[in-house]
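Dear colleague,

I am handing over the structure below, and I would ask you to keep it open while you read the notes that follow it.

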Number of protein chains: 2
Amino acid sequence: MAHTAELIAVGTEILLGNISNTDAQMLSERLAELGIDVLYHTVVGDNPRRLREALELARTRVDIIITTGGLGPTYDDLTKQTICETFGRRNVLHPDLEVWLRGVFAQRGRPMTANNLAQAYLPENCTVFQNHNGTAPGCAFCEDGVHVLMLPGPPHECALMFETGAEQYLRNLSHDVIRSHTLRIYGKGESDVEMLLRTRIEKMSNPSVAPYAKPDECMLRVTAKAGSDSEAEAMLRPAVDEVMAIVGEWVYGIDVENLESVCVTLLKERGATLAVAESCTGGLLAKRVTDVPGASAAFVGGVVSYTNGVKNQVLHVPQALLDEHGAVSEPVAVAMAEGVRALTGSDYALSVTGVAGPDKDDRGNDVGLVYIALAAPNGTVSKECRFGKRTREHIRQQAANTAFDMLRRNLQALS
Amino acid sequence: MAHTAELIAVGTEILLGNISNTDAQMLSERLAELGIDVLYHTVVGDNPRRLREALELARTRVDIIITTGGLGPTYDDLTKQTICETFGRRNVLHPDLEVWLRGVFAQRGRPMTANNLAQAYLPENCTVFQNHNGTAPGCAFCEDGVHVLMLPGPPHECALMFETGAEQYLRNLSHDVIRSHTLRIYGKGESDVEMLLRTRIEKMSNPSVAPYAKPDECMLRVTAKAGSDSEAEAMLRPAVDEVMAIVGEWVYGIDVENLESVCVTLLKERGATLAVAESCTGGLLAKRVTDVPGASAAFVGGVVSYTNGVKNQVLHVPQALLDEHGAVSEPVAVAMAEGVRALTGSDYALSVTGVAGPDKDDRGNDVGLVYIALAAPNGTVSKECRFGKRTREHIRQQAANTAFDMLRRNLQALS
């Protein structure tokens with residue numbers, strides 16, 4: 001029987017909107033890979049009564065409860081005490097954790113304030129999870145057939161503790177294997193994709209096919225449940241082929257991270273390099289490319305030309321072109337791409353110039369008007385985009401997506 | 001009496017970790033401003049039974065339920081039907097919405113597929129919220145003293161619908177006013193800040209003081225509840241002064257967005273301009289500065305020099321310096337900052353060079369070693385930072401934060 005899980009985040013700062021519950025996303029993704037069905041996310045504040053009620057409810061409807069947050073040294077961190085009360089366990093000092101904790105502070109050259117010692121307390125007879133990124137350890141125990149895992153709230157602590165401790169604990173519980181492949185689509189919306197695939201989606205249950213909207217793109221996940229990896233994989237292959245035959249035209253990759261990582265991979269395969277010249281995206285293209293580990297093998301750098309002065313003096317966009325067409329124009333996009341390609345000696349160069357808003361530019365160009373150019377060994381192409389009056393962030397991300405998709409199609413010799 | 005709210009997000013894609021529940025954060029922040037206490041976030045999948053159970057529970061424990069998601073045209077979008085069943089209302093075609101919907105598709109030049117018509121159905125006798133960013137309208141109604149609001153899942157649709165419809169609906173319910181000021185702190189951790197303020201935090205209840213950890217920084221929120229804005233404000237002023245007297249040294253702003261927005265504001269006040277030269281941050285500084293609306297008045301642009309070639313040819317970092325000290329060194333950081341300042345003619349220039357990981361660089365420098373320089377009218381300063389073996393993203397964000405804080409302190413003539 002498949003295990004079911006509820007994630008309970010503890011933190012008034014989440015209910016106040018100060019921070020987002022990113023741990024829930026990370027854990028959900030990892031639990032899905034382990035074949036554990038996450039049925040609920042719950043968030044409560046730093047309030048022992050409501051946390052207790054949430055725990056009492058959770059133990060009736062799932063067999064794995066994972067809490068995040070509330071393990072720290074401050075006085076509103078109440079998760080451990082409340083869990084101990086709910087499940088009838090004592091919260092006790094773990095002497096080895098006290099030694100470790102004092103060592104961490106000594107190593108950092110900071111005095112250990114008294115409140116920090118609370119972090120060396122955990123329920124009796126639990127499996128301890130070390131915290132390699134912070135000072136609050138986590139733990140797990142099983143009571144009446146319900147597994148309770150406590151992880152810290154800060155995302156980098158939570159993620160590392162999951163990998164180094166909680167994951168193995170959970171693997172030991174699971175038998176079923178869930179495997180999936182994700183087809184990533186750019187340039188076609190969720191409802192269009194679903195219409196194209198409707199009959200397939202309804203027909204398939206294992207493997208199943210489900211479309212998901214992501215910001216500015218869409219994904220199709222093909223999922224199989226089986227007794228082993230190889231069995232699941234064998235079920236997935238024909239299902240993926242069937243879906244690809246219908247929507248393959250817009251699929252930019254299978255099981256890939258994003259458009260920029262596909263670009264970096266293709267560039268590396270071809271031994272080619274990329275540079276960027278950015279106006280309205282203001283560094284976003286460069287930032288997204290350099291988010292990809294190992295991007296340095298393909299990415300040489302770029303210029304953020306936020307003023308006409310920098311466009312002219314650094315990128316050598318002719319002043320006459322800027323005067324005649326304005327900075328937001330197709331000829332300037334082309335000159336920026338060709339300029340940064342010449343400046344850096346890269347094989348490929350992308351450029352973006354446009355109006356990200358919130359206001360029209362001084363020539364009266366609409367918010368959302370963006371020109372994108374790609375200078376490549378086989379010539380320069382450019383594109384006019386109208387992303388509409390959306391948020392600044394949305395327009396910038398869309399412009400970057402479109403630019404990366406142009407590069408990807410060129411590298412794959414597609415239209 | 002204060003209103004209490006539960007946010008229920010509907011979407012298997014959240015439980016699978018494909019997307020994060022960002023709507024909950026946005027709504028929580030906005031509801032706090034309206035004086036509505038958000039007590040729970042709940043996420044359920046596209047499962048009518050579990051959604052119904054969540055609704056039945058929510059109506060017993062809060063008086064405002066806001067759902068997000070499940071309003072779209074695809075067949076797993078079940079929120080409206082389930083809410084209608086739970087609260088005993090009919091889901092009916094709203095003819096005016098059908099007209100509007102057909103108009104939206106006509107304007108986009110796309111045929112309206114049959115499944116889209118489901119979006120013109122809403123509970124009878126509800127307040128309709130227009131969707132200015134998409135095709136799924138939302139709505140609100142009140143049943144047995146419980147207000148139920150339905151908003152769409154995609155974040156830009158949800159945010160705009162809140163502003164243009166739901167917010168006014170909620171304002172009409174509320175009497176209490178909650179006002180708060182947020183002190184943003186860089187360079188001092190949450191537990192240190194709490195220790196410094198402990199006695200004040202425990203003593204104060206209205207106004208209250210609470211510390212929150214954000215990624216790489218910390219915030220203090222001072223909050224007052226009162227019958228009017230001016231009354232709340234009068235309560236807040238002395239509380240903020242008291243806290244500032246203790247931790248003011250590390251406060252970079254009150255009610256400000258982030259470090260980069262403070263930098264942009266200070267630059268504009270002084271009529272000064274900024275350029276950046278980035279190696280390991282790869283465009284992140286430029287991206288964060290240009291995230292600030294109106295940054296173009298102060299930001300001229302920058303160079304992402306991901307290779308030594310670009311550092312030398314574009315930024316004119318002497319080749320001898322690169323050979324002798326390596327790209328990750330204090331002299332190179334200084335030369336990068338001074339180089340981009342000369343190239344662009346800006347008043348100030350920030351540079352970053354370091355090892356973001358995942359691996360050591362080819363000179364064996366540790367992951368997390370970063371040099372930052374600030375070239376200013378009164379000279380150039382630089383700094384060596386060791387951020388430790390953290391994630392690539394964490395090191396890059398920390399480097400950017402430290403750079404912006406150096407600029408802020410220089411602009412405010414602090415050390």
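**How the two chains are related**

In this predicted model, chain A is superposed on chain B by a rotation of 180 degrees with 0.1 Å of shift along its axis, and the RMSD is 0.0 Å. The two copies are therefore related as by a two-fold rotation axis. The same surface serves both copies, since 100% of the contact residues of chain A recur in chain B.

**Where the chains meet**

Chain A gives 66 residues to the contact, and chain B gives 66 residues as well. On the side of chain A that touches chain B, these residues divide into 30 nonpolar, 27 polar and 9 charged.

**Two helices of chain A**

Two packed helices are described by the angle between their axes and the distance between the axes. In chain A, helix H3 (residues 48-61) packs with helix H4 (residues 79-87) at an angle of about 50 degrees, and their axes are 10 Å apart. The crossing in which H3(A) passes H4(A) is right-handed. From H3(A), the residues Pro48(A), Leu51(A), Arg52(A), Leu55(A) and Glu56(A) take part, and they meet Thr82(A), Ile83(A), Glu85(A) and Thr86(A) in H4(A). Taken by type, the residues of this contact of H3(A) with H4(A) are 4 nonpolar, 2 polar and 3 charged.

**A sheet in chain B**

Chain B holds an open sheet of 4 strands, which pair antiparallel in the order E10-E11-E9-E12. Its edge strands are strand E10 (208-214) and strand E12 (251-254) of chain B, each of which pairs on one side only. If direction is ignored, neighbouring strands of this sheet are turned by 25 degrees against each other on average. Strand E9 (residues 177-185) of chain B is joined to E12(B) by 3 bridges, and the two run antiparallel; Ile185(B) stands opposite Val251(B) in E12(B). Helix H7 (residues 190-203) of chain B lies across E9, E10 and strand E11 (217-226) of chain B, and H7 runs at about 175 degrees to E10(B).

With kind regards

Methods: Residues are numbered from 1 along each chain as its sequence is written. Chains are lettered from A and ligands numbered from 1 in the order in which they are written. This is a predicted model: local features need pLDDT of at least 70, side-chain atom pairs count only at pLDDT 80 or more; totals for chains, interfaces and linings use all residues. Two residues are in contact if their C-beta atoms, placed from the backbone, lie within 7 Å. Ala, Val, Leu, Ile, Met, Phe, Trp, Tyr, Cys and Pro count as nonpolar, Asp, Glu, Lys and Arg as charged, and the others, Gly among them, as polar. Copies are superposed by least squares on the C-alpha atoms of residues with pLDDT of at least 70 in both. Axes are lines fitted to C-alpha atoms, for helices over the stretch in contact, and angles run from 0 to 180 degrees between N-to-C directions. A crossing is left-handed if the near helix is turned anticlockwise from the far one by less than a right angle, and right-handed if clockwise. Two strands pair if DSSP finds at least two bridges between them.
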